[in-house]
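The structure is shown first.

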Amino acid sequence: MAGFTTEKSKQTALARLDLIHKWREFRKKFKNKLQADYDFINLYNSSNSHLFEILGKISRGSLHRWSSMLNCTEDYTKLLPQYKYASVNEYRTVLTDEEIKIFMDLLLHPNRISIGKATALTKYKLKEQGQSFIPADITFRRYAKWFKDNNYDKWILARDGEKALSDKVEPYIKRDASLLDVGDILVADGHKLAFQVINPFTGKPCRATLVGFLDWKSTALVGYEIMPEENTQCIASALRNAIINLDMIPKVIYQDNGRAFRAKYFTDDKGFNELGFQGLYSKLGIETVFARPYNARAKVIERFFKDFQEGFEKLLSSYIGSNIFQKPAYLMRNEKFHKSLHNEFIPTIEETIKMIDMWLSFKNSQPCPNAPNKTIAEVLNERKTQNIDTNTLDDLMLATEVKTIQRNGIRFLNCDYFDERLYGFKSKVMIKYNLFDLTKIKVFTTKGEYLCTAERVTETHPMAKILGDVKDFEDYKQKIQKQQKLRRKTIKSVKEFLSTDEMKFIETKIENDENLNDVQAPFKPHLNTVQIAFKNNSEKYEYLITHNPNDSWISEFKNTKEYKLLYE
């Protein structure tokens, strides 16, 4: 190429000039110039001189040709190697256009056929067509290398697709995160966990999905939600957790293309705008920005998930890998040794959240890439909080199916949730919950009206007074008092409907029945021709202490263990 000289070409030309000078001086010592030339060539080719390292072995003809090229001058540029450079759009090859077409049709196939296999298939097809001269394998390989080096964009697009073109070839824009404040932009994305957790809905192991919101400035994961089952509200619930942890409303939510983000983690691929989330975000004053499709490098949260997998997921005993190539040894066939060493522990959602939070504490103690000389936690703590009222975020909570109120409240995830507002109702309600705190759920009517916050019902000690401690007995007393309170509430409300003398007598009897237990056989006294059946001694005692306190049976009952257990 005219006007272009590489450093290597310059070094070669200067070495040739030096060798010509030595050769001419050597020839002066001999009358037989022909013999002198051969002697000089033999001495040079058998030496380990600096010139030999540059030029390598040469012939007598090379010396005379270089001398002629100088034409009695000292211009070393006349000795520059005359390399023939192939142009970007043209390559000198013995391959014909037909041979190139057959070869490249195979090489640019989306199934990514290897160069060796494409070469073999091309040569076979040429033989089938009756072609006598078949180029060598190295000829095809050299052409493939030239095409890849000079048409890398076409090579990647044809073989790997648009996403690979965006990730590997297209130039990218560098963004200056130092211009942001904490909470300005939250980046959202999801990550299929590479370890198993216990599905709270089925009780079986599963690979859940973590949907997270990462603060761009501090690179801290400020909020996330673990989704054991497909649920469209998981994205909104993760944002709710992020707002609560930050104690501020972010200005912008930056996430993957709406439809792509939805389809990536759910079977139904409705777009983001079709799910109603944009309205929820707008209500909070949050601007929603979607990343351009195939623009994975724009999502800074991807780097976080890589650290998460290497630094957290691979440390868990339930790690199974994100693909078949990352599968641990104990899951392979015939790996009895590793199976015998493997710990079968699989965490629940609550245990997983605790472990993730512990790892996040470690992660946030690392240096922040967007703020020199500060840790991620230090940058995060510089934010200006807004004292967010969590009740305003109820619309972002994870909604479940409609539930029916039962005797013990609402049955959810094998637990009962109860509040006094639910007593006496048998209708259907809608509940909203957060997997981060399953001690309570919020209850709404099917029309969306708030009813109450129901707390999870705890189990009571079977024999709190005798075998339990003070806390167990106090828990038992509180629950008994709550039962009695609800019963009196029902009786009071019914009194206005029942006003006869006979019903008043029955009400008095029921009102004194505070604690019914099947202890002894019924006792049936006769009073004013009205036969009363007592279910146990406690019921009899309650009746007699009100209507006949001098009855001798009362003093006898007070000396029993049953009386001391119930009333002392």
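## Helix H13

Arg303 and Lys306 are exposed on one side of H13, where exposed means over 50% relative accessible area, buried under 20% and partly exposed in between (1.4 Å probe, protein chains only). On the other side, the buried residues of H13 are Ile301, Phe304, Phe305, Phe308 and Gln309. An α-helix has 3.6 residues a turn, so residues three or four places apart point the same way.

Among the elements that cover the buried residues of H13 are strands E1 (185-192), E4 (209-215) and E5 (221-227), and helix H15 (349-364). Helices (H or I, at least four residues) and strands (E, at least two) are DSSP runs, numbered from the N terminus.

## Basis and overall figures

This is a predicted model, in which local features need pLDDT of at least 70 and side-chain atom pairs count only at pLDDT 80 or more, while totals for chains, interfaces and linings use all residues. Residues are numbered from 1 along each chain as its sequence is written, and side-chain values use heavy atoms, with hydrogens and water left out.

The protein has 22 helices and 15 strands. Of its 568 residues, 38% count as buried. Among contacts (heavy atoms within 4.5 Å) with a separation of 6 or more, 59% are between residues 24 or more positions apart.

## The five-stranded sheet

Five strands, in the order E5-E4-E1-E6-E7, form an open sheet with mixed pairing; two strands pair if DSSP finds at least two bridges between them. E5 and E7 (287-290) are the edge strands, each pairing on one side only. From one strand to the next, the twist averages 20°. E4 and E5 are antiparallel and share six bridges, and Phe213 stands opposite Gly223 in E5.

H13 packs on this sheet, touching E1, E4 and E5, and its direction makes about 45° with that of E1. H15 also packs on the sheet, touching E4 and E5, at about 160° to the direction of E5. Axes are lines fitted to C-alpha atoms, for helices over the stretch in contact, and angles run from 0 to 180 degrees between N-to-C directions.

## Nonpolar cores

The largest nonpolar core has 47 residues, of which Phe304, Ile441 and Val443 touch the most other members. H15 supplies the largest share of this core, five residues. A second, separate core of 26 residues includes Ala220, Val222, Met248 and Val379. A nonpolar core is a set of buried Ala, Val, Leu, Ile, Met, Phe, Trp, Tyr and Cys residues joined through side-chain atoms within 4.5 Å.

## Strands E11 to E13

E12 (residues 437-445) runs antiparallel to E11 (residues 428-434), with five bridges joining them; Val429 stands opposite Thr445 in E12. Five bridges also join E12 to E13 (residues 450-456), again antiparallel. Ala454 in E13 is the bridge partner of Ile441. Four residues lie between the strands in the hairpin of E12 and E13, where Gly448 takes a positive phi near 95°.

## Tyr319

Tyr319 lies in the loop between helix H13 (301-311) and helix H14 (336-341). Tyr319 is buried, with a relative accessible area of 8%. Beyond its neighbours within four places in sequence, Tyr319 is in contact with Ala194, Phe195, Glu313, Lys314, Gln326, Pro328 and Tyr330. Ala194 is 125 residues from Tyr319 in sequence, and their C-alpha atoms are 5.9 Å apart.
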